Amino acid sequence: MTAPETPAPGSPEDLENAAGAEQEHLQERARKAQKILEHPENYKVCEGCDSIVTARVATCPNCHGYRFESAPQAVIAQAKLLAARAQTTLRAEDLF
Ligand SMILES: [Zn+2]
């Protein structure tokens with residue numbers, strides 16, 4: 001009879017669980033950024049406040065601006081910026 005393989009204590013999974021709700025929040029934001037990166041054509045960047053909004057809206061829900069940059073490259077660049085910021089700060093008022 002061979003001994004079953006036992007998982008090492010203190011595996012990366014345990015550490016992730018210990019990080020708590022704040023970590024989850026950041027992961028949620030990272031997921032949204034990922035979604036934008038996968039379908040940049042569904043989004044555009046507000047020229048007034050740099051938020052990413054869905055391509056459907058006529059005016060920015062954040063600053064009520066009506067000028068948008070809808071080039072996919074611009075959306076991708078902004079999404080990456082926001083994702084990077086999400087990992088370094090805990091501020092919740094960003095624009096997703
Ligand atoms: Zn705006």
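This tour moves through a predicted model, from the whole chain to single residues.

**Whole chain**

Start with everything shown. The protein has 3 helices and 3 strands. Trace them from the N terminus: the order is α-α-β-β-β-α. Of the 96 residues, 18% are buried. Contacts between residues at least 6 apart in sequence come next, and 46% of these join residues at least 24 apart.

**Colour by confidence**

Switch to pLDDT colouring. The mean for the protein is 80, and 68% of its residues reach 70 or more. Select residues 12-19. This is helix α1, where confidence is lowest, at a mean of 50. Then select β3, where confidence is highest, at 98. Where pLDDT is low, the predicted coordinates should not be read in detail. The next stops leave helix α1 aside.

**The sheet**

Select the strands. They form an open sheet of 3 strands in the order β2-β1-β3, with antiparallel pairing. The edge strands are β2 and β3, each pairing on one side only.

Zoom in on β1 and β2. They run antiparallel and are joined by 3 bridges. Show Tyr43: Thr54 in β2 stands opposite. Show Val45: its opposite residue in β2 is Ile52.

Now turn to the other pairing. β1 and β3 are antiparallel too, over 2 bridges. Here Cys46 stands opposite Phe68 in β3.

Most residues other than glycine have a negative phi.

Pick Asp50 first. Asp50 lies in the loop between β1 and β2. The two strands form a hairpin with 5 residues between them. Asp50 is not a glycine, yet has a positive phi of about 65°. Is Asp50 buried, exposed or partly exposed? Asp50 is partly exposed, because 16 other C-beta atoms lie within 10 Å.

Pick His64 next. His64 sits in the loop between β2 and β3 (68-69). Phi of His64 is also positive, near 60°. His64 is exposed, with 10 other C-beta atoms within 10 Å.

**The core**

Select Ala33, Ile36, Tyr43, Val45, Cys46, Ile52, Val53, Cys60, Phe68, Val75, Ala79 and Leu82. These 12 residues make up the largest nonpolar core. Which elements each supply at least two of its residues? They are α2 (21-38), β1 (43-46), β2 (52-54) and α3 (72-88). In soluble globular proteins, nonpolar side chains tend to be buried together.

Several residues from the sheet return here. Tyr43, Val45, Cys46, Ile52 and Phe68 are among the core members.

What does Val75 touch, not counting residues up to four places away in sequence? Val75 touches Ile36, Pro40, Tyr43, Lys44, Val45 and Ile52.

**Between the helices**

Select Gln34, found in helix α2. Gln34 counts as exposed, because it has 11 C-beta neighbours inside 10 Å. Draw a distance from Gln34 to Ala79. The two are 45 residues apart along the chain, with their C-alpha atoms separated by 8.0 Å.

Leu26 counts as partly exposed, with 17 C-beta neighbours inside 10 Å.

**Last stop: Ser70**

Move to the loop between β3 and α3 and select Ser70. Is Ser70 buried or exposed? With 12 C-beta neighbours inside 10 Å, Ser70 counts as exposed. Leaving aside neighbours within four places in sequence, Ser70 is in contact with Lys44 and Ala55. Lys44 is also touched by Val75. Finish with the distance from Ser70 to Cys46. Their C-alpha atoms are separated by 8.6 Å, across 24 residues of chain.

Notes. Residues numbered from 1 in each chain as written. Core = buried A, V, L, I, M, F, W, Y, C linked by C-beta atoms within 7 Å. Buried ≥ 20, exposed ≤ 12 C-beta atoms within 10 Å, placed from the backbone. Helix = DSSP H or I, 4+ residues; strand = E, 2+ residues; numbered from the N terminus. Contact = placed C-beta atoms within 7 Å. pLDDT = per-residue confidence, 0-100. Pairing = 2+ DSSP bridges.
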